[in-house]
Amino acid sequence: MARVIYMDHPLIHHKITFIRRKETGTKDFRQTIGEITMLIAYEATWGLKLSDVEIETPICRTMGKELKGKKLALVPILRAGLGMVDGIQQLIPAAKVGHIGLYRDPVTHEPIEYYCKLPADCDEREVFVLDPMLATGGSASAAITLLKQKGVKNIRFLCIIAAPEGVERLTKEHPDVDVFVGALDEKLNENAYIVPGLGDAGDRIFGTK
Ligand code: PRP
Ligand code: URA
């Protein structure tokens with residue numbers, strides 16, 4: 001059964017309020033998305049497999065732990081998911097990165113795939129799917145279906161803002177995927193935008209509006 005983990009940390013509350021503000025500009029928005037992602041990644045990386053390793057400190061030999069074997073792949077959903085990559089790469093520089101391109105049809109709001117390029121050994125890795133917005137859940141669900149078709153077995157989904165409708169759809173369609181949510185909002189509006197939300201995440205990250 002999928003676990004949905006809602007963040008409840010003062011730093012995350014503070015930073016999400018900052019990016020919601022309409023006067024927050026592109027540079028600050030992008031930087032803060034990265035910071036929030038790093039904080040969510042702290043939670044999402046609990047339970048990653050470790051192996052014991054013998055090392056030498058300046059004082060003596062000792063045993064330590066490090067992330068095991070085939071580790072992590074990050075898969076941002078284009079475009080807005082790109083804004084979350086850097087934050088996790090700062091913590092785990094060895095993570096490989098794949099990309100899935102989806103956009104929402106403006107009328108049906110259903111996702112349309114236009115790009116997919118994944119690390120060759122993706123199916124042996126733990127995959128973190130990244131998208132700041134979980135609205136209807138269509139994009140996240142389609143991306144995860146695509147990954148499963150490529151043989152990926154261990155998937156976690158990280159988002160910054162979710163609507164209840166998106167959480168419901170994603171957990172129903174992918175009950176094996178844990179979902180990490182920065183903030184749970186109230187609802188979707190008639191255009192399937194999250195309320196109160198933060199507007200169009202892609203446009204705000206890349207300054208396209
Ligand atoms: C946004 C967002 C998600 C999707 C969420 O992308 O980044 O991918 O919408 O909505 P859903 O849960 O209803 O599918 P969008 O389609 O606007 O593309 P963009 O990132 O290229 O702007
Ligand atoms: N995509 C966004 O960028 N924002 C929303 O509120 C919904 C989908």
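Select ligand 2 and Ile 194 to begin: an oxygen atom of the ligand lies 2.8 Å from a polar backbone atom of Ile 194, a polar contact being a pair of N or O atoms within 3.5 Å. This is a predicted model, in which local features need pLDDT of at least 70 and side-chain atom pairs count only at pLDDT 80 or more, while totals for chains, interfaces and linings use all residues; side-chain values use heavy atoms, without hydrogens and water. Residues are numbered from 1 along each chain as its sequence is written, and chains are lettered from A and ligands numbered from 1 in the order in which they are written.

At Ala 201, a polar backbone atom is 2.8 Å from an oxygen atom of ligand 2. The residues around the ligand (a heavy atom within 4 Å) also include Arg 104, Met 133 and Tyr 193.

Now select helix α4 (residues 138–149) and helix α5 (residues 164–173), whose axes come within 9 Å and cross at roughly 20°. Helices here are DSSP runs of H or I with at least four residues, numbered from the N terminus. The two are therefore roughly parallel, the term for angles under 35 degrees. In contact (heavy atoms within 4.5 Å) are Gly 138, Ala 140, Ser 141 and Ile 144 of α4 with Arg 169, Leu 170 and Glu 173 of α5.

Finally, select helix α1 (residues 10–20) and helix α2 (residues 26–44): their axes come within 10 Å and cross at roughly 155°. α1 and α2 are therefore roughly antiparallel, as angles over 145 degrees are classed.

Notes
Axes fitted to C-alpha atoms, helices over the stretch in contact; angles between N-to-C directions. Parallel < 35°, antiparallel > 145°, perpendicular 65-115°, else oblique. Polar contact = N/O pair within 3.5 Å; in protein donor to acceptor, adjacent residues only side chain to side chain.
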